[in-house]
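The sequence and structure are shown first.

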Number of protein chains: 2
Amino acid sequence: MLYLVGLGLGDAKDITLKGLEAVKTSKLVYLEAYTSILTVGKEALEKYYGREIILADRDMVETDSDRILEEALAEDVCFLVVGDPFGATTHTDLVLRAREKGIQYRVIHNASIMNAVGCCGLQLYNFGETVSIVFWTDSWRPDSFYDKIAANRERGMHTLCLLDIKVKEQSIENLMRGKKIYEPPRYMTVNQAAEQLLEIIQNKAATESDLAYTEKTLLVGMARIGAEDQNIITAPLNQMISVDLGGPLHSLVIPGNDLHPIEKDMLRQFSLNKDVEALLQT
Amino acid sequence: MLYLVGLGLGDAKDITLKGLEAVKTSKLVYLEAYTSILTVGKEALEKYYGREIILADRDMVETDSDRILEEALAEDVCFLVVGDPFGATTHTDLVLRAREKGIQYRVIHNASIMNAVGCCGLQLYNFGETVSIVFWTDSWRPDSFYDKIAANRERGMHTLCLLDIKVKEQSIENLMRGKKIYEPPRYMTVNQAAEQLLEIIQNKAATESDLAYTEKTLLVGMARIGAEDQNIITAPLNQMISVDLGGPLHSLVIPGNDLHPIEKDMLRQFSLNKDVEALLQT
């Protein structure tokens with residue numbers, strides 16, 4: 001049996017009782033460690049769960065998962081995923097290949113940012129399509145998420161922006177030289193995301209008059225949701241560039257323009273300064 | 001301290017370790033029992049958690065919540081919610097009133113149908129606005145969700161349809177006579193939802209040619225997601241009317257037209273019959 005166990009968002013204690021039971025009784029326990037992170041590392045989980053955990057990085061899951069599946073054919077194997085197991089396409093692929101091999105699988109769900117984002121007070125059913133904002137480089141500056149944000153805002157919907165994670169990436173130099181030297185992990189901050197969002201409209205302003213948002217648009221910055229020290233700040237885009245939300249993971253929400261009074265009251269809790277109140281009253 | 005604790009979707013063991021800790025240490029434990037249900041009742045939770053649980057119905061939460069909050073001012077109080085605490089507006093309201101009274105609150109997240117729906121294989125970031133389908137009566141047949149489904153499908157997005165729950169409702173007769181006699185709880189099945197969806201397009205077909213979906217549109221019916229006996233069936237709308245998914249809760253998904261190959265492979269697992277394969281190949 002292959003158990004896909006969601007770990008939730010905070011620390012070792014965010015696993016469910018059902019999830020912990022699967023961890024305790026499985027022969028092998030893998031931890032997927034490249035699409036998201038908890039506020040604690042593998043060692044803290046091992047200590048808390050009383051089990052040895054094998055770190056599964058992108059290489060391993062995408063190229064070497066046959067071994068994990070072979071093991072699951074004979075024994076119970078746990079595959080731990082931060083958040084909920086169906087947050088990333090890779091895990092869907094693992095399920096499909098398990099099925100092909102005739103391996104039973106079971107999903108143990110948990111919170112993910114896709115539903116926990118509701119804690120900022122914006123109603124979940126008012127969210128439109130979720131977008132991903134990736135790190136720009138000098139030569140690669142994708143902004144296709146702008147159109148999705150625009151489509152959501154046209155319909156008065158909120159947009160959850162998932163921010164890029166770079167784990168175990170090689171520099172182009174090391175990649176070309178075939179050196180397996182990895183860069184330190186990078187997690188996009190709300191500041192970096194806000195900078196990119198601002199640059200996009202600054203570029204578009206030359207040719208377009210009807211922009212999806214402006215530098216005064218109210219944003220919600222979120223950090224370490226579900227952890228004891230989670231942080232939520234509401235600020236206009238041009239101020240979100242410099243707020244300090246602390247360590248990863250960060251997410252950003254672009255609320256729709258037509259907020260419900262209860263949504264406004266909730267956002268007030270997290271106001272950076274009095275500018276937010278002025279924006280909430282418009 | 002007021003703890004809002006998500007219970008997840010299945011049974012007593014879907015609570016997180018953090019959630020159970022709050023239940024064990026709180027003076028009073030309430031269970032919200034009208035926006036969703038687990039596959040087990042209050043007694044099973046009491047036995048498993050080793051705590052007495054007070055059932056909080058809609059009346060109590062919406063009109064008598066001041067008492068809960070007074071208690072939370074002096075002691076730790078747990079408010080248990082099936083799924084994640086921010087699934088329903090009522091709980092947001094409770095948080096806001098706690099803040100007003102200077103009561104600290106803490107949210108312990110869990111899975112909800114809003115993210116667990118991913119287990120059918122449709123990617124979460126391809127979902128558009130979530131809609132609610134309510135029980136029709138002879139005189140009240142709201143279909144405003146149709147436009148939202150249409151808007152989602154125009155953009156190639158999936159639609160999660162949350163199905164109506166009627167708990168502790170009075171008949172109009174008993175309401176008018178002031179009799180506090182309640183009807184048995186009702187949970188909309190995917191069959192009933194499919195019937196309403198079909199009737200809407202049958203009515204529209206007389207005046208509109210470009211319908212959001214047809215009787216052959218592929219739907220995903222889901223029941224008791226997260227429980228041991230969860231059930232997922234993929235079938236065209238006109239057949240979804242008669243599939244048997246078993247007991248509540250049910251949810252329905254209307255996939256977008258432009259499915260990713262991995263999404264198709266996942267949906268194949270749940271095919272009702274060979275008609276589904278033909279639809280997936282178009």
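Which residues in helix 7 of chain B meet which residues in helix 9 of chain B? In this predicted model, Phe145(B), Tyr146(B) and Ile149(B) are the residues from helix 7 of chain B, and they meet Leu197(B), Ile200(B), Ile201(B) and Lys204(B) from helix 9 of chain B. By class, this contact of helix 7 of chain B with helix 9 of chain B comprises six nonpolar residues, no polar residues and one charged residue.

The axes of helix 7 of chain B and helix 9 (residues 190–204) of chain B come within 11 Å and cross at roughly 85°. Because angles of 65 to 115 degrees count as roughly perpendicular, helix 7 of chain B and helix 9 of chain B are roughly perpendicular to each other.

In chain A, the axes of helix 7 (residues 145–154) and helix 9 (residues 190–204) come within 11 Å and cross at roughly 85°, and helix 7 of chain A and helix 9 of chain A are therefore roughly perpendicular to each other. Here Phe145(A), Tyr146(A) and Ile149(A) in helix 7 of chain A meet Leu197(A), Ile200(A), Ile201(A) and Lys204(A) in helix 9 of chain A, and the residues of this contact fall into six nonpolar, no polar and one charged.

| Helix pair | Axes come within | Crossing angle |
|---|---|---|
| helix 7 and helix 9 of chain A | 11 Å | roughly 85° |
| helix 7 and helix 9 of chain B | 11 Å | roughly 85° |

Turning to the interface, the contact takes 52 residues from chain B and 53 residues from chain A. The area buried between chain B and chain A is about 4600 Å², with carbon and sulfur atoms giving 55% of that area. On the chain B side, Leu17(B), Lys18(B) and Arg155(B) lose the most area to chain A, and together they make up 15% of what that side buries.

Between chain B and chain A there are ten salt bridges, and the side chains of Arg155(A) and Glu129(B) meet in a salt bridge at 3.4 Å, N to O. Across the interface of chain B and chain A, 29 residue pairs are in polar contact, with both residues at pLDDT 80 or more. The elements of chain B that give two or more residues to the side touching chain A include helix 1 (17–25), strand 5 (105–108) and helix 11 (261–268), while helix 5 of chain B gives the most, with six residues. That side of chain B divides into 24 nonpolar, 14 polar and 14 charged residues.

Conventions: Residues numbered from 1 in each chain as written. Chains lettered and ligands numbered in written order. Predicted model: local features only at pLDDT ≥ 70, side-chain atom pairs only at ≥ 80, totals over all residues. Heavy atoms only, no water. Axes fitted to C-alpha atoms, helices over the stretch in contact; angles between N-to-C directions. Helix = DSSP H or I, 4+ residues; strand = E, 2+ residues; numbered from the N terminus. Parallel < 35°, antiparallel > 145°, perpendicular 65-115°, else oblique. Contact = heavy atoms within 4.5 Å. Nonpolar A, V, L, I, M, F, W, Y, C, P; charged D, E, K, R; others polar. Buried area = accessible area lost by both parts, 1.4 Å probe. Salt bridge = Lys/Arg side-chain N within 4 Å of Asp/Glu carboxyl O. Polar contact = N/O pair within 3.5 Å; in protein donor to acceptor, adjacent residues only side chain to side chain.
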